[in-house]
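The sequence and coordinates are shown below.

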Amino acid sequence: MTTEITLAQSSLTSLCAGWQFVSSRRGAWQARLAAGRQLTFWGWSPAEELYHDVALIVSELASNAVTHGHVRGRDFQLHMLLGPCPGLATVLRIEVSDSRGERMPQLPSAPEYGAEAGRGLLLVDALVDRWGSVARPPSGKTLWCELDLTVSQQE
């Protein structure tokens, strides 16, 4: 996926945002809203495809954190990084961290017909350019994904 954005010459620095949410369905919903607000702040319109893709990605990752990474009394975190590169390309990185690190996520081969779950990472994999997971000591994990974006400079 490639999306074109315009950045002023003076703003060619990395931008980041991060939040902590209660590990609940409401927390997952709030993470999706926070991601949308951040994209709007960075200049994307809710009418753009990237905005909807990121909303879906954050929804899936936050839902997985709440469903599979929940530890009673522990929250999950969302971080977003927009990092321009000197060659007029940039990456939008999304990270969701939870407190359960004993089981790292794996891309399922295919969900069973009629299954109500098992498609989240398949959706994420289809929308992003790269994704993976890393351990977050002392316990926990971070699931990250990156979307490559094209940037044009304003004169």
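In which loop does Ser24 lie? Ser24 is found in the loop between β2 (15–21) and α1.

## Basis of the model

The model is predicted, so that local features need pLDDT of at least 70 and side-chain atom pairs count only at pLDDT 80 or more, whereas totals for chains, interfaces and linings use all residues. Residues are numbered from 1 along each chain as its sequence is written, and side-chain values use heavy atoms, with hydrogens and water left out.

## Overall architecture

The protein has three helices and six strands, arranged from the N terminus in the order β-β-α-α-β-β-α-β-β. Helices (H or I, at least four residues) and strands (E, at least two) are DSSP runs, numbered from the N terminus.

Of the 155 residues, 38% are buried; buried means under 20% relative accessible area, exposed over 50%, and partly exposed in between (1.4 Å probe, protein chains only). Among contacts with a separation of 6 or more, 68% join residues 24 or more positions apart. A contact here means heavy atoms within 4.5 Å.

## Helix α2

The axes of α1 (residues 25–41) and α2 come within 9 Å and cross at roughly 150 degrees. The two helices are therefore roughly antiparallel, a class for angles over 145 degrees, with under 35 counted as roughly parallel, 65 to 115 as roughly perpendicular and the rest as oblique. Axes are lines fitted to C-alpha atoms, for helices over the stretch in contact, and angles run from 0 to 180 degrees between N-to-C directions. The crossing of α1 and α2 is right-handed. Residues of this contact include Ala28, Ala31, Arg32 and Ala35 of α1 and Tyr51, Val54, Ala55 and Val58 of α2. By class, the contact has eleven nonpolar, four polar and three charged residues. Ala, Val, Leu, Ile, Met, Phe, Trp, Tyr, Cys and Pro count as nonpolar, Asp, Glu, Lys and Arg as charged, and the others, Gly among them, as polar.

The axes of α2 and α3 (residues 120–127) come within 9 Å and cross at roughly 145 degrees. This crossing of α2 and α3 is left-handed, the near helix being turned anticlockwise from the far one by less than a right angle; clockwise gives right-handed. Asp53, Leu56, Ile57, Glu60, Leu61 and Asn64 in α2 meet Gly120, Leu121, Leu123, Val124 and Leu127 in α3. The residues of this contact divide into seven nonpolar, two polar and two charged.

## Loop residues

Ser24 counts as partly exposed, at 24% relative accessibility. Its C-alpha is 8.3 Å from that of Thr67, although Ser24 and Thr67 are 43 residues apart in sequence.

Val128, in the loop between α3 and β5, is buried with a relative accessible area of 9%. Leaving aside neighbours within four places in sequence, Val128 is in contact with Ile57, Cys145, Glu146 and Leu147. Val128 and Leu92 are 36 residues apart in sequence and 9.7 Å apart in space, C-alpha to C-alpha.

Pro138 is located in the loop between β5 (130–135) and β6 (141–154). The peptide bond from Pro137 to Pro138 is cis, with omega near 5 degrees.
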